[in-house]
2 protein chains.
Amino acid sequence: MKYPTLYQAFRKYINLSPEAYLDLENRLVHKTLDKKEFLIKEGQVIRYLPFIHKGLMVNYRLDDEGEKHVIQIRWAGLWLGDLYSFFSGAPTKFNIRTYQPTELLMINHETFDFITEKHPIYEKYFRLSIQNAYIATLNQIFNLHSSSAEARYLELIKNVPELLNDIPHYLIASYLSIKPQSLSRIRKNYK
Amino acid sequence: MKYPTLYQAFRKYINLSPEAYLDLENRLVHKTLDKKEFLIKEGQVIRYLPFIHKGLMVNYRLDDEGEKHVIQIRWAGLWLGDLYSFFSGAPTKFNIRTYQPTELLMINHETFDFITEKHPIYEKYFRLSIQNAYIATLNQIFNLHSSSAEARYLELIKNVPELLNDIPHYLIASYLSIKPQSLSRIRKNYK
DNA sequence: ATATTTCATTCACCTATGTTAATGAAATAC
DNA sequence: GTATTTCATTAACATAGGTGAATGAAATAT
């Protein structure tokens with residue numbers, strides 16, 4: 001078993017036999033990304049479901065003025081990417097890239113079809129996975145509605161303290177939906 | 001065929017035979033809600049997937065101070081409710097209620113299991129349905145990040161002009177993540 | 001029909017966050 | 001190793017949206 005992190009990710013939601021896991025592991029595409037590299041750019045059709053083995057990735061969209069808006073920050077142990085584009089074949093509106101060297105384990109369509117057919121339990125896993133991604137975004141909307149930028153910042157660094165060292169602060173600001181100057185102002189109160 | 005609206009909703013994403021549709025139709029629970037009635041309250045476990053046949057419904061969460069935050073407004077032709085709670089059995093954090101007389105067509109677990117087993121195409125439909133709900137919430141986050149309250153208001157009434165007559169304005173304000181007074185201020189500019 | 005409650009609106013004032021500009025430190029490119 | 005670019009921070013000022021209070025209209029209850 002080369003990737004116990006991945007096995008644990010499955011075991012969190014389903015009871016997966018080591019054999020069924022190995023059927024997948026043998027077909028994974030291992031991809032290494034440098035610091036500051038793109039995985040996905042707007043307009044592309046997503047051909048892989050990527051799992052973050054090491055490192056972290058940032059998902060942002062561009063508005064009409066070309067400004068970045070960070071929608072998701074995902075780290076080791078999580079899936080990411082545009083499930084919608086992967087399953088529907090529609091071009092994505094997202095840009096997904098690294099700011100730290102990152103290793104991904106990726107599943108392509110052929111592998112997805114193979115393992116879900118051979119082991120239907122994987123189907124359940126991915127439905128649960130979408131469901132959880134969905135509920136997480138509903139929570140994110142609720143937080144944007146109900147908490148101040150300061151409260152969202154404190155919550156974020158409580159959950160993921162290492163984030164401040166792993167990506168530029170202006171991306172954290174964007175994720176919190178404020179400007180870098182405002183993030184600095186908030187941070188000044190906690191020194 | 002008693003509910004062509006529902007059939008059309010399926011046909012939007014999948015190729016469903018009338019026979020397969022009728023297998024479901026016979027098992028639907030038809031529910032009529034008065035003006036101002038609750039379908040779901042926080043803490044309950046969701047036992048139905050509701051489709052809005054006529055009318056519209058509002059989904060909100062309460063924050064620590066007990067203030068409502070409207071997360072979704074859904075109208076005829078759409079599914080709603082907490083798919084997560086329905087599938088996982090976890091108690092919901094949402095409150096879902098009417099502000100207009102509304103008719104629902106509901107699927108319980110038994111019916112869901114029956115029709116997805118007999119017609120696996122339904123399984124695909126509900127996966128697509130979750131996917132679309134997920135992508136819609138990601139868009140909602142992007143809009144909260146990138147558009148002013150005024151722009152979000154104009155966009156909303158462009159898409160759903162009748163909303164202003166169908167639910168109290170303070171709920172529209174909440175959905176836009178502003179206060180009723182601010183919504184009034186914005187509306188004053190467009191008279 | 002009358003009383004009560006709910007709701008939309010307005011206003012004056014307040015506050016959180018945005019904007020513009022400047023500075024130095026750190027990272028990167030040459 | 002030096003030049004250049006990127007980034008975080010600060011400050012002064014601007015603005016969108018919040019707050020609290022008042023008013024009248026509409027909806028609801030009695």
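In this predicted model, Glu67(B) and Lys179(B) form a salt bridge whose closest N and O atoms are 2.6 Å apart. Glu67(B) sits in the loop between β4 (56–62) and β5 (68–75) of chain B, and Lys179(B) in the loop between α8 (169–176) and α9 (180–188) of chain B, so the pair ties together parts that lie 112 residues apart in sequence. Glu67(B) is partly exposed, at 35% relative accessible area, and Lys179(B) is partly exposed at 44%.

Over all chains, the structure holds six salt bridges. Another one of them joins Lys118(B) to Asp23(B), with 2.9 Å between the closest N and O atoms. This pair links distant parts of the chain, 95 residues apart: Lys118(B) belongs to helix α4 (residues 109–118) and Asp23(B) to helix α2 (residues 18–25) of chain B. Asp23(B) has a relative accessible area of 17%, under the 20% limit, and therefore counts as buried. Lys118(B) is partly exposed, at 46%.

In chain A, Glu155(A) and Lys158(A) lie three residues apart in helix α6 (residues 149–159), a separation of about one helical turn. Glu155(A) is partly exposed at 40%, whereas Lys158(A) is exposed at 62%.

| Salt bridge | N to O distance |
|---|---|
| Glu67(B) and Lys179(B) | 2.6 Å |
| Lys118(B) and Asp23(B) | 2.9 Å |
| Glu155(A) and Lys158(A) | 3.9 Å |

How is chain A superposed on chain B? A rotation of 180° with 0.0 Å of shift along its axis does this, with an RMSD of 0.0 Å. That is the relation of a two-fold axis. Tyr134(A) comes closest to the axis of the residues of chain A, its C-alpha being at 2.5 Å. The copies meet through the same surface, because 100% of the interface residues of chain A are also interface residues in chain B.

Terms used: Residues numbered from 1 in each chain as written. Chains lettered and ligands numbered in written order. Predicted model: local features only at pLDDT ≥ 70, side-chain atom pairs only at ≥ 80, totals over all residues. Heavy atoms only, no water. Least-squares fit on C-alpha atoms with pLDDT ≥ 70 in both. Contact = heavy atoms within 4.5 Å. Salt bridge = Lys/Arg side-chain N within 4 Å of Asp/Glu carboxyl O. Helix = DSSP H or I, 4+ residues; strand = E, 2+ residues; numbered from the N terminus. Buried < 20%, exposed > 50% of the residue type's maximum accessible area, 1.4 Å probe, protein only.
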